[in-house]
Amino acid sequence: MKDLLCDGFQETVSECLVRHRSILDVITKLQEATARVNRAVAKSVTSCGCIKINASRQRFPCEICMEQLKSHLGTHIEGELCDQCRDVLETEIGSMLFYLAALCNLLDLNLYDIILKEQEKSALLGVYKLC
């Protein structure tokens, strides 16, 4: 059974997407939306200051196993998003999802199926997936 939320979202995107139906329009809009997400995170640090990025080389003991890495590695983020920055990021991520769904529609891909396959790969490979 297909997930109604993802399928409904893809259908809504298909109905809304009139002006930017070209694959070139969609992939460039997706790239622009992704850049806007990155910019919103940066503005949360540089303009608002609700979060801070304190990045340095990640260090962990040599004898540690892959399953234990998660508890030794940090996110480099200090603080929490304020309500305004959270709203901006949710809006920008929503736009990114819109164009991702549009890309799936144009290429006759099902977003839910893609999410399911990725979840299955992640569950199967666990921490070794990204090595």
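The model is a predicted one, so local features need pLDDT of at least 70 and side-chain atom pairs count only at pLDDT 80 or more, while totals for chains, interfaces and linings use all residues. Residues are numbered from 1 along each chain as its sequence is written, and side-chain values use heavy atoms, with hydrogens and water left out.

Helices here are DSSP runs (H or I, at least four residues; strands are E, at least two), numbered from the N terminus. Axes are lines fitted to C-alpha atoms, for helices over the stretch in contact, and angles run from 0 to 180 degrees between N-to-C directions. On the H1 side the contact is made by Cys-6, Asp-7 and Gln-10, and on the H5 side by Leu-111, Tyr-112 and Ile-115; contact means heavy atoms within 4.5 Å. Sorted by class, the residues of this contact come out as four nonpolar, one polar and one charged. For that sorting, Ala, Val, Leu, Ile, Met, Phe, Trp, Tyr, Cys and Pro count as nonpolar, Asp, Glu, Lys and Arg as charged, and the others, Gly among them, as polar.

H1 also packs on helix H4 (residues 83–106), with the axes 9 Å apart and an angle of about 85°. That makes H1 roughly perpendicular to H4. From H1 come Phe-9, Gln-10, Val-13, Ser-14 and Cys-16, and from H4 Leu-97, Phe-98, Ala-101, Ala-102, Cys-104 and Asn-105. The class count for this contact is eight nonpolar, three polar and no charged residues.

Gln-10 of H1 turns up in the contact with H5 and again in the contact with H4. Gln-10 is buried, at a relative accessible area of 6%; buried means under 20%, exposed over 50% and partly exposed in between (1.4 Å probe, protein chains only). Leaving out residues up to four places away in sequence, Gln-10 touches Ala-101, Cys-104, Asn-105, Leu-109, Asn-110, Leu-111 and Tyr-112. Leu-5, also in H1, is exposed at 69% relative accessibility. Its C-alpha lies 34 Å from that of Leu-69, 64 residues apart in sequence.

As for cysteines, the structure holds zero disulfides, a disulfide being a pair of cysteine sulfur atoms within 2.5 Å. The sulfur of Cys-6 has its closest cysteine sulfur in Cys-104, 9.4 Å away, which is too far for a bond. Cys-6 is buried at 14% relative accessibility, and Cys-104 is buried at 4%.

Phe-98 and Tyr-99 have ring centres 5.0 Å apart and planes at 80°, so the pair is edge-to-face. Rings of Phe, Tyr and Trp (its six-membered ring) pair if their centres lie within 6.5 Å, and planes under 30 degrees apart count as stacked, over 60 as edge-to-face and the rest as tilted. Tyr-99 is buried, at 13% relative accessibility.

Over in helix H2 (residues 23–48) lies Ala-42, which is partly exposed with a relative accessible area of 29%. The C-alpha atoms of Ala-42 and Leu-17 are separated by 29 Å, the two residues being 25 apart along the chain.

Methods. Angles under 35 degrees count as roughly parallel, over 145 as roughly antiparallel, 65 to 115 as roughly perpendicular and the rest as oblique.
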